[in-house]
Amino acid sequence: MLHSPPFFLFYLLSSFPPCQAGTYNPKKLFGVTTLDVIRANTFVSENQGTDPTSTNVTVVGGHAGTTILPLLSQVKGAKFSPEALAALTHRIQFGGDEVVKAKDGAGSATLSMAYAGYLFTAQLLKALKGEKGVVACTFVENTVTAAPFFAVPVTLGKGGVEKIHGLGELSAVEKEAMDKAIPDLVAQAKKGVEFVKNAK
């Protein structure tokens, strides 16, 4: 069970009118998954005793439950026990539920969402100004996996997505999690497209 509606349903809804008009540009359609990266950086830095502002965890996949895939095997200099790896992964995937529970159902992660929006916007502005090497994880249309929309690291430029990066080397645990997440992401994308096509 996913802890929230399909993350990209909104983006499919917002992109379909220009798609039907022949003006859809996949380089300029972004799903903001920065919140997952912030949580991953925070939780990993707590575990490793490092500075969260200098911790950089690549988080790929979707934005709901087990479709969120933090690539902890790629965190430079970090070492995790199998128990810590499992606990961190689960906490990153369901951090939103943790916040809702802490607020006793009265709200969600509003402050961290605002911070995530600020960080991603700042990266977009840097790219628009022509700064080179601006890389961010974002939910975009790509062919890295069988899922038509997937969060991956991309290089941003004045025209939007300049380069979509691969996933790098994954651990056995990460590969297994990826295999389980892909069917969900494919099904969610199909559901979103069909919803828009049938909307009146």
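The model is predicted: local features need pLDDT of at least 70, side-chain atom pairs count only at pLDDT 80 or more, and totals for chains, interfaces and linings use all residues. Numbering runs from 1 along each chain as its sequence is written, and side-chain values use heavy atoms, with hydrogens and water left out.

Start with the second largest pocket. A pocket is an open set of points on a 1 Å grid over the protein atoms alone, where a 1.4 Å probe fits, with protein on both sides within 12 Å along at least five of seven lines; lining residues have an atom within 4 Å of a point. Its volume, the space filled by probe spheres set on points joined across faces, edges and corners, is about 360 Å³. Of the 19 lining residues, Thr89, Gln93, Val173, Glu174 and Ala177 lie nearest the centre. Strand β2, helix α3 and helix α6 (172–198) each supply at least two residues of this lining.

Now α3 itself. Which residues of α3 are buried? They are Ala84, Leu88, Ile92 and Gln93, where buried means under 20% relative accessible area and exposed over 50%, with a 1.4 Å probe and protein chains only. Pro82 and Glu83 are exposed, on the face turned away from the buried side. The cover over the buried residues includes α2 (34–48), β2 (68–70) and α4 (95–102).

The largest pocket holds about 640 Å³ of space. It has 24 lining residues, and Val37, Asn41, Asn56, Leu119 and Gln123 are nearest its centre. Elements giving at least two residues each include α2, α5 (110–128) and β3 (134–141); α5 gives the largest share, six.

Last, Thr155, in strand β4 (residues 149–157). Thr155 is buried, at 13% relative accessible area. Beyond its neighbours within four places in sequence, Thr155 is in contact (heavy atoms within 4.5 Å) with Val134, Val135, Gly160, Val161, Glu162, Lys163 and His165.

Terms used. Helices (H or I, at least four residues) and strands (E, at least two) are DSSP runs, numbered from the N terminus.
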